[in-house]
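Thank you all for making the time this morning. I would like to walk you through one structure, and I will go slowly for anyone who is meeting it here for the first time.

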Amino acid sequence: MSSSRTLPSGSVDVLLLKAISWGPRHGFAISRWLQTHSSGAFRLDDAALYQGLHRSERNGWVSSEWGPSENNRRAKYYTLTAKGEQHLRAESTAWRDWATALFSVLDLRTSEG
C-alpha cells in the first residue's frame with residue numbers, strides 16, 4: 001500500500017482472490033479494481049501485488065495465461081480456480097468474524113468496560 005497504513009497480515013491474498021473472482025484480470029486491472037472498490041483505501045505497490053499473485057498461483061488458488069491487454073500489450077491474466085474459490089469463501093468468513101469481533105471491542109463505551 002502506498003499510504004502510511006499497512007494491510008493486516010494475510011489480507012492481501014483474500015483481496016486479490018476477491019478481485020479475480022469477478023473474472024480473469026491482469027495485475028494492473030486487479031490493482032485498479034481494488035482501488036476503485038475500496039474508495040482508494042487499498043493501494044498495493046507492485047511488489048506486494050505480484051508477490052501475492054505468485055503466492056496464490058503456487059498455492060493453486062489461481063491459474064494464469066498470457067493474453068493481450070486492453071491496449072494490446074502482452075499481459076498475464078489470472079483466473080480463480082476451484083481451490084481458490086473454496087479458499088476465498090473460508091477466508092471471507094474468517095475475516096468477517098475477525099472484523100465483527102474487532103468492531104465489538106471498538107464500539108464499547110467507557111461505561112460498558
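Let me begin with S39, which counts as exposed because its relative accessibility is 75%, where exposed means over 50% relative accessible area, buried means under 20%, and partly exposed is in between, with a 1.4 Å probe and protein chains only. Before I go on, please keep in mind that this is a predicted model, in which local features need pLDDT of at least 70 and side-chain atom pairs count only at pLDDT 80 or more, while totals for chains, interfaces and linings use all residues. Residues are numbered from 1 along each chain as its sequence is written, and side-chain values use heavy atoms, with hydrogens and water left out.

S39 sits in the loop between α2 and α3 (46–58), where helices are DSSP runs of H or I with at least four residues and strands are runs of E with at least two, numbered from the N terminus. Its phi is near 55 degrees, a positive value in a residue other than glycine. Most residues other than glycine have a negative phi. N72 also has a positive phi, of about 65 degrees, although N72 is not a glycine, and its place is the loop between β2 (62–68) and β3 (74–80). With a relative accessible area of 66%, N72 is exposed.

Now to helix α4, where we find E85, which is partly exposed because its relative accessible area is 40%. E85 and V62 are 23 residues apart in sequence, and their C-alpha atoms are 9.0 Å apart in space.

Finally, which helix gives the most to the lining of the largest pocket? That is α4, with eight residues; a pocket here is an open set of points on a 1 Å grid over the protein atoms alone, where a 1.4 Å probe fits, with protein on both sides within 12 Å along at least five of seven lines, and lining residues have an atom within 4 Å of a point. The volume of this pocket is about 470 Å³, and of its 19 lining residues the closest to the centre are V14, L15, K18, F42 and W95. Alongside α4 (82–106), both α1 (11–20) and α2 (27–37) supply at least two residues of the lining.

Notes. Grid points are joined across faces, edges and corners, and a volume is the space filled by probe spheres set on the points.
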